[in-house]
Amino acid sequence: MDDMVRAQRCFEALRDGGVLVVLTGAGISAEVGIPTFRGEEGYWTRGSKVYQPMELATRAAFESEPATVWSWYLYRRGVCSAAAPGRGHEAVARMAAALGDRFHLVTQNVDGLHPRTGIDPARIYEIHGNIFRARCSRDCSAATYSIPDRFDDWPKDAEVTDEDLDALRCPACGAPGRPHVLWFDECYDEARYRADSALSAAAGADVLLVVGTSGATNLPMQMGALSAVRNIPIWDVNPEDNPFGDFARRTPGGVLRTGAGEALVTLADALAAA
Ligand SMILES: [Zn+2]
């Protein structure tokens, strides 16, 4: 039987019981025009200096050049704001609606597209943060706050001024505000990124559906490894091979080498059909 047919059977069986954990990465949002920003799209020029994404998305960069780091995030925030959830996101929302408290979504995407599809926020673990939120750079609390409207449609070349930085300050203590995103020189935690909740969800999953992620980050890989050891079906939706495909092949699941939208619509149909 071909892997897609087996995956459909697996999702049909979820109608009668079982917990589904969906793990999404950049691939699902690439389909609606959001670049990964880890690659070429993430390069950032300020004056004569060219910054690479891996050096900009760090605590160290923020400490030394907060205006440059903010300008990059504010521009990306505008890109995310202009995008709309795609059929892959909508299909995940249909799975959430069909399963209720038997559904968990762990996303590496900071673009806020999943929350816009109406899934209960309590069931979404944004393990790398959310680009529409800011929080205190001095950690007076883990609370996040909305980035003010004045930063909407931020042009790529606009400078972030001292006045802009003031508008982004922590409303509780007045310290500089920072983007609510996990940086490369930082660690996952529960209070800010719901890392423990994501691992607990994986520990209680009956099916793990992995969509459009390359396995470059630690927590998703732990979820994959844990699920492989538990030998639950892992389905890896990705046009390209990646470490999750290796996990999936060791389980009763498998590998679906298609785009995110196409596969997710098929699986949501299998789950929701009467
Ligand atoms: Zn504060």
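How many bridges pair strand E10 with E11, and in which sense? Select E10 (residues 234-237): this strand and E11 pair over 3 bridges in the parallel sense. Strands here are DSSP runs labelled E, of at least two residues, and helices are DSSP runs labelled H or I, of at least four residues, both numbered from the N terminus. Two strands pair if DSSP finds at least two bridges between them. Within this pair, Val237 has Leu256 of E11 as its bridge partner.

The model is predicted, with local features needing pLDDT of at least 70, side-chain atom pairs counted only at pLDDT 80 or more, and totals for chains, interfaces and linings using all residues. Residues are numbered from 1 along each chain as its sequence is written, and side-chain values use heavy atoms, with hydrogens and water left out.

**The sheet**

Now select the whole sheet. It is open and parallel, with 6 strands in the order E5-E4-E1-E9-E10-E11. Strand E5 (124-126) and strand E11 (254-256) are the edge strands, each pairing on one side only. From one strand to the next, the twist averages 15 degrees.

**The cores**

A nonpolar core is a set of buried Ala, Val, Leu, Ile, Met, Phe, Trp, Tyr and Cys residues joined through side-chain atoms within 4.5 Å. Buried means under 20% relative accessible area (1.4 Å probe, protein chains only).

Select Val69, Trp70, Trp72, Tyr73, Leu74, Ile147 and Trp183: these have the most contacts inside the largest nonpolar core, which has 32 residues. Helix H5 (66-82) is among the elements that supply at least two residues of this core, and H5 gives the most, with 7 residues. Domain 1 (1-34 + 85-128 + 188-274) and domain 2 (36-82 + 133-181) both contribute residues, so this core lies between them; the bounds come from an automatic or database domain assignment.

Next, centre on Leu74. Beyond its neighbours within four places in sequence, Leu74 is in contact with Ile147, Phe151, Trp154 and Val160.

**Strands E6 and E8**

Select E6 (129-136) and E8 (residues 177-181). They run antiparallel, joined by 4 bridges. In E8, 5 of its 5 residues are buried. Cys136 has Gly177 of E8 as its bridge partner, and Cys136 is buried, at 1% relative accessible area.

Note on methods: Buried < 20%, exposed > 50% of the residue type's maximum accessible area, 1.4 Å probe, protein only. Contact = heavy atoms within 4.5 Å. Axes fitted to C-alpha atoms, helices over the stretch in contact; angles between N-to-C directions.
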